[in-house]
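Here's a quick tour of one model, helix by helix and pair by pair. Have the structure open and follow along.

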Amino acid sequence: MQFKDYYKIMGLARTASQDEIKRAYRKLARKYHPDVSKESNAEEKFKELQEANEVLKDPEKRAAYDQLGADWRSGQDFRPPPDWGSGFEHSRAGGAGAGQGPADFSDFFSELFGSGSPFQGAGSAGQRGRSFSAAGQDHVARVDIDLEDAYRGGTRTVSLRSTELTPDGHVVVKPRTLRVSIPAGITDGQQIRLAGQGSPGMGGGPAGDLYLEIRLSPHAMFQAEGRDITLTLPVAPWEAALGETVAVPTLGGPVDMKLPPGARAGQKLRLKGRGLPGSPPGDQYVLLKLVLPPDSPEAKALFEQMKREVPFDPRAGMSQRGTAA
C-alpha cells in the first residue's frame with residue numbers, strides 16, 4: 001500500500017487553514033472535473049482530489065492524518081502504526097457506513113478511515129435540526145488496555161486527544177485525561193459510555209456522550225477471543241507421554257492441570273471458567289506444544305535407547321510409492 005500526500009495533491013502547505021482547503025478544492029475541481037476538463041488524466045486526478053478533500057476538509061480526519069508526521073512521501077510503502085488512532089477522540093457523525101468514503105477511494109484511505117478502522121463513522125458536523133436547543137454530538141475514542149486490566153477491572157487514567165478549530169480556521173489537537181472505571185471481564189471491541197463527555201449542547205441542550213471502544217493490547221502469552229483465552233503451553237515429551245500434572249499460567253494465577261496420558265502436540269485442553277470473568281465466565285484453552293530437551297550426551301543416550309527398545313514408526317500410516325531416481 002502506498003502513502004498518499006493529500007496536501008501535495010491539493011497543492012497546499014500543511015499549515016493551510018480550512019478556508020484555504022475549501023478554496024483549493026473548488027479551484028482544482030473545476031480544473032479536473034471529467035465533464036469539463038480537457039486533461040488526459042482528469043478522471044484519475046479528480047478521484048485523487050475528492051479523496052484528499054474528504055480528509056483535509058474535516059478537522060478530525062485531518063488532525064488524525066497529520067499525526068502520521070510530515071516525513072512521508074507519496075508512493076512510499078506504508079502500513080499504519082500499531083497504535084494508529086488509539087486515544088484519538090472524534091465525533092460520531094452519520095449512521096452506518098459514514099466515514100468510509102466512496103468505494104473507489106484508495107486502499108490507503110480505507111485502511112486509515114474505512115470500515116474496521118478506529119475512525120469508522122468519524123466526521124465533524126454541525127448541529128442538526130433547526131431548534132435552538134440541541135444536544136451535543138456523541139464522541140468515540142479507541143483505548144488500548146492490557147489483558148490483565150480487562151481481567152481484574154478497576155479505575156485507570158485515560159489520555160485522549162481531540163481536535164479544535166482556532167478562530168483563524170486552523171486545526172489544533174488538545175489533550176485531556178479522564179478517570180475511567182473498567183469493568184472486570186470487558187472484551188475486545190466493547191464500549192464504555194461516559195455520559196456528558198461528548199460535545200457540549202446548544203441553547204441549553206444536553207452534552208453528548210463519549211464512548212470508549214476497548215482494544216486489548218497483544219499479550220506475550222495469552223490470546224483473547226471474546227471471553228475465552230488461549231495459551232500455548234510447552235511440555236516435555238515424557239510429560240505428554242506419562243500424563244503428568246503441570247503448572248499452567250492463567251490470568252488469575254497458575255493452576256495445576258493433569259495431562260491425559262499420551263497427549264499429542266497440538267492437542268487443545270480446556271480449563272473451564274478460567275477465561276475473562278462474566279456471566280458465564282470464559283474458558284481458557286491450553287494448546288500443547290512438545291519441546292525437546294537441550295542437546296546433551298545424556299539426552300542423546302536416552303533417545304538412542306528408545307530407538308532400540310521402543311518399536312515405533314511415526315510414518316507408518318503414510319503409503320506412497322517412491323519413484324526411481
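Let's start with helix 2 (residues 18-32), whose 15 residues reach 21 Å from first C-alpha to last, close to the 21 Å expected at 1.5 Å a residue. That expected span is 1.5 Å times one less than the number of residues. Helices here are DSSP runs of H or I with at least four residues, strands are runs of E with at least two, and both are numbered from the N terminus. Keep in mind that this is a predicted model, where local features need pLDDT of at least 70 and side-chain atom pairs count only at pLDDT 80 or more, while totals for chains, interfaces and linings use all residues. Residues are numbered from 1 along each chain as its sequence is written, and side-chain values use heavy atoms, with hydrogens and water left out.

Which residues of helix 2 are buried? They are Gln18, Ile21, Ala24, Leu28, Ala29 and Tyr32. (Buried means under 20% relative accessible area, exposed over 50%, and partly exposed in between, with a 1.4 Å probe and protein chains only.) Seen down the axis of helix 2, these buried residues fall within an arc of 130°, so they line one face of the helix; the arc is taken from the directions from the helix axis to the C-beta atoms. They pack against helix 1 (6-9), helix 3 (42-56), helix 4 (59-66), strand 3 (154-165) and strand 4 (171-182), contact meaning heavy atoms within 4.5 Å.

Ala16 sits in the loop between helix 1 and helix 2 and is buried, at 3% relative accessible area. Leaving aside residues up to four places away in sequence, Ala16 touches Ile21, Arg62 and His170. Its C-alpha is 9.7 Å from that of Leu56, 40 residues apart along the chain.

## Salt bridges

The count of salt bridges comes to 12, each being a side-chain nitrogen of Lys or Arg within 4 Å of a carboxyl oxygen of Asp or Glu. Arg14 and Asp66 make one of them (3.6 Å, N to O). This pair links distant parts of the chain, with Arg14 in the loop between helix 1 and helix 2 and Asp66 in helix 4, 52 residues apart. Arg14 is partly exposed at 33%, and Asp66 is partly exposed at 23%.

Arg152 pairs with Asp149, their closest N and O atoms being 3.4 Å apart. The two are three residues apart in helix 6 (residues 147-152), so about one helical turn separates them. Arg152 counts as exposed at 55%, whereas Asp149 is partly exposed at 23%. Glu164 and Lys174 form another salt bridge, at 3.8 Å between the closest N and O atoms. Here the link runs from strand 3 (Glu164) to strand 4 (Lys174), 10 residues apart.

Helix 8 has 13 residues and reaches 18 Å, close to the 18 Å expected. It's hardly covered, with one buried residue among the 13.

Phe312 lies in the segment after helix 8 (297-309) and is exposed at 64% relative accessibility. Together with Leu292, Phe303, Met306 and Val310, Phe312 forms a nonpolar surface patch with about 540 Å² of accessible area.

Note on methods:
Patch = residues over 30% accessible without salt bridge, like charges linked within 9 Å, V, L, I, M, F, W, Y side chains within 5 Å. Areas by Shrake-Rupley, 256 points an atom, 1.4 Å probe, with all protein chains shown as cover.
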